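Let's walk through this structure together, one element at a time. Have the sequence and the 3D view open as you read.

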Amino acid sequence: MQRLQAFKYELMPGSEQQRDMRRFAGSCRFVYNKALAMQKSLYEQGAKKLGYAGLCKSLLGWKAESTWLAETPSQALQQTLKDLERAYSNFFAKRADFPRFNKKGMGDSFRYPQGCKLDQPNSRIFLPKLGWIRYRNSRDVLGEVRNVTVSYSSGKWFVSIQTQREVEQPLPAATSAIGIDVGIVRFATMSDVSFVAPLNSFKEHQQRLARYQRRMSHKAKCNVKLKRTKFSSNWKKAKLKVQQIHNTIANARKDFLHKTTTTISQNHALVCVEDLQVKNMSKSSKGNCEQHSKKVKQKSGLNRAILDQGWGEFRRQLEYKVMWYGGILLAVSPHHTSQTCPDCDHASKDNRQTQTKFLCVNCRYENHADVVGAINILSRGMQILRDKGQDKADASAWHESAARIACEVNGAVMPSATGTHRSACAKSSRSAVGIPVLSALAAAAG
Ligand SMILES: [Zn+2]
């Protein structure tokens with residue numbers, strides 16, 4: 001099995017290297033925006049969009065006009081055009097929103113497809129036109145380096161090294177099966193009654209965020225009155241703070257999701273989830289907000305947005321991690337999972353008395369509504385396996401065919417999975433750990 005994995009480290013560049021990196025990221029942004037503007041006007045004229053080759057041709061023209069572009073590695077500029085091409089394809093395939101123009105300070109990055117040398121014993125990496133740069137070596141890079149992305153975030157430079165390696169299809173160490181229901185009050189509820197509470201550290205961050213955002217708008221207002229330059233140093237300070245809080249929140253969420261998905265993937269050979277699209281999920285969260293208590297209403301806004309994104313990412317991580325640990329991920333139909341009685345199969349709205357309480361009107365079976373959902377998700381997954389003739393009543397029977405099914409299953413759930421990150425899609429396509437990994441995984445699986 002081909003395993004693609006990205007390893008990310010903080011870089012420790014010299015001041016000259018930092019200046020060059022800022023310049024490279026700026027040139028890539030310039031080229032990306034120029035190409036996007038061109039594609040946009042072609043689109044508006046009803047003309048056919050330019051392919052990657054056509055964009056590269058235009059790049060030669062821009063290089064002649066703006067000679068400073070020559071200072072940036074050509075490969076990095078070409079990779080930017082590839083990103084745009086991918087963002088465009090995702091848009092036309094209805095997987096993502098229309099590509100947006102890149103702003104300074106928003107995802108500043110550039111990528112080398114080759115030419116980098118990794119010197120792990122000395123914790124340094126050679127990047128073309130930058131030279132050797134030391135990095136914070138927190139773990140070993142495994143596999144053959146495929147490409148290297150340099151990015152800037154909150155005052156720090158990072159390097160993400162994407163690698164490829166051949167690993168044996170692992171056999172799952174666990175033999176249990178689990179169904180998972182995702183929700184707002186409980187982030188994830190398992191069919192074995194356990195659940196994962198949502199990450200609650202946002203509240204504190206939210207208040208700090210609001211404070212600095214107020215400060216930012218206040219500074220901006222002052223400046224309009226005094227007719228001074230809009231970006232005063234205090235405004236910039238507040239802006240940096242806002243970015244840092246956003247980063248802290250994003251990192252906390254990333255950490256939370258990684259820990260959760262790793263635990264689930266390591267502990268279960270079969271993982272069943274609802275085949276939900278994030279678009280539908282955000283709709284349901286809206287619906288829930290109306291039905292729910294005030295608490296959920298208060299939580300909407302930032303927190304809800306975070307949760308919405310969390311589900312898509314949760315599913316994406318489960319997909320590849322379950323495969324890494326040799327298990328199987330099944331996505332089942334979400335239809336009526338929370339209204340059907342797991343005991344007598346009676347499906348009715350009346351079974352669901354409140355948001356949390358499930359009481360079967362037919363057989364009086366009683367349980368937490370989310371647990372019922374998770375149990376139904378699991379039994380639907382088991383049904384899929386039975387239909388495939390794989391169920392031998394005990395989980396160990398999957399082991400021999402796990403590899404085959406895992407490939408089959410992962411191929412089967414791909415389309416919906418790639419369609420789950422809408423707005424996140426365009427952004428993540430700029431990083432080495434985004435869409436390329438998914439599509440490569442799909443190719444490897446198929
Ligand atoms: Zn019942």
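This is a predicted model: local features need pLDDT of at least 70, side-chain atom pairs count only at pLDDT 80 or more; totals for chains, interfaces and linings use all residues.

**Starting from a helix and its neighbours**

Which residues of H1 are buried? Among them are Met21, Phe24, Val31 and Tyr32, along with Arg29, Lys34 and Gln39. H1 itself covers residues 15-44, and its 30 residues reach 43 Å from the first C-alpha to the last, close to the 44 Å expected at 1.5 Å a residue. Just after H1, Gly46 takes a positive phi of about 80 degrees.

H3 has 19 residues and spans 27 Å between its first and last C-alpha, close to the expected 27 Å. Its buried residues include Leu77, Leu81, Leu84 and Tyr88, as well as Asp83, Glu85 and Arg86. Just after H3 comes Lys94, with a positive phi of about 60 degrees.

Next, turn to an open sheet of five strands, where the order is E10-E9-E8-E11-E12 and the pairing is mixed. At its edges are E10 (195-196) and E12 (328-332), each pairing on one side only. Strands of a sheet pair through backbone hydrogen bonds, either parallel or antiparallel. How do E8 and E9 run? E8 (residues 177-182) and E9 (residues 188-190) are antiparallel and joined by three bridges, and Val182 stands opposite Ala188 in E9.

Finally, look for helix H9 (residues 369-387), which lies across E8, E9, E10, E11 (270-274) and E12. H9 runs at about 130 degrees to E8.

Note on methods:
Residues are numbered from 1 along each chain as its sequence is written. Helices (H or I, at least four residues) and strands (E, at least two) are DSSP runs, numbered from the N terminus. The expected span of a helix is 1.5 Å times one less than its number of residues. A residue is buried if 20 or more other C-beta atoms lie within 10 Å of its own, exposed if 12 or fewer, and partly exposed in between; C-beta atoms are placed from the backbone. Two strands pair if DSSP finds at least two bridges between them. Two residues are in contact if their C-beta atoms, placed from the backbone, lie within 7 Å. Axes are lines fitted to C-alpha atoms, for helices over the stretch in contact, and angles run from 0 to 180 degrees between N-to-C directions.
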